[in-house]
Amino acid sequence: IPRDKKAIFSLVYNPEFMREGSALSDICSNPIVLGSDSHEAMAIIEKIYESVHCQEVPIIKTTFETAEMIKYAWNAFSAIRIA
């Protein structure tokens with residue numbers, strides 16, 4: 001990118017909640033978590049999920065930090081459930 005031009009991009013944190021061996025069935029059976037400060041970027045990711053037929057799954061839109069905390073809480077819950 002030339003110095004006089006600015007790169008325009010947005011980040012979306014999309015933690016996965018898939019289990020080993022059942023990733024394909026887990027993609028659209030768990031809630032989808034999107035964390036970003038860009039509503040436009042989250043709308044693009046939503047369209048991607050719609051294109052793989054995940055319309056029935058709830059989408060949780062939040063901040064980066066809250067999306068990360070949701071993932072940590074899920075991992076802790078899963079570890080306790082296994083123990």
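Two strands count as paired when DSSP finds at least two bridges between them. Helices (H or I, at least four residues) and strands (E, at least two) are DSSP runs, numbered from the N terminus. What follows is a predicted model, so local features need pLDDT of at least 70 and side-chain atom pairs count only at pLDDT 80 or more, while totals for chains, interfaces and linings use all residues. Residues are numbered from 1 along each chain as its sequence is written, and side-chain values use heavy atoms, with hydrogens and water left out.

**View 1. The parallel pair, β1 and β2.** Strand β1 (residues 32–35) runs parallel to strand β2 (residues 59–62), and 4 bridges join them. Look for Leu34, which stands opposite Lys61 in β2. To get from β1 to β2, the chain goes through helix α2 (residues 39–51), making a right-handed β-α-β crossover. Right-handed here means that, with the strands pointing away from the viewer, the path from the first strand over the helix to the second runs clockwise.

View 2. Buried is under 20% relative accessible area, exposed is over 50%, and partly exposed is in between (1.4 Å probe, protein chains only). Ile32 and Leu34 turn up again in the largest nonpolar core, whose 6 residues also include Met42, Tyr49, Cys54 and Val57. Both β1 and α2 supply at least two residues each to this core. A nonpolar core, by the way, is a set of buried Ala, Val, Leu, Ile, Met, Phe, Trp, Tyr and Cys residues joined through side-chain atoms within 4.5 Å.

**View 3. Around Tyr49 and Ile27.** Setting aside neighbours within four places in sequence, Tyr49 is in contact (heavy atoms within 4.5 Å) with Asn14, Ile27, Ile32, Leu34 and Cys54. Ile27 sits in helix α1 and is partly exposed, at 34% relative accessible area. Not counting residues up to four places away, Ile27 touches Met18, Tyr49 and Cys54. Pro58 is 31 residues from Ile27 along the chain, with 12 Å between their C-alpha atoms.

**View 4. The largest pocket.** About 200 Å³ of space lies in here. The lining is made up of Phe17, Met18, Arg19, Asp26, Asn30, Lys71, Trp74, Asn75, Ser78, Arg81 and Ile82. Helix α3 (residues 64–82) gives the most to that lining, with 6 residues. On a 1 Å grid over the protein atoms alone, a pocket is an open set of points where a 1.4 Å probe fits, with protein on both sides within 12 Å along at least five of seven lines; lining residues have an atom within 4 Å of a point. The volume is the space filled by probe spheres set on the points, which are joined across faces, edges and corners.

**View 5. Phe17 and Asp26, two of the lining residues****.** Phe17 lies in the segment before α1 and is buried, with a relative accessible area of 12%. Its contacts beyond four places in sequence are Asp26, Asn30, Pro31, Val33, Ile70, Lys71 and Trp74. Phe17 and Lys71 are 54 residues apart in sequence, yet 8.0 Å apart in space, C-alpha to C-alpha. Asp26 belongs to helix α1 (residues 23–27) and is buried too, at 4%. Leaving out residues up to four places away, Asp26 touches Phe17, Met18 and Arg19.
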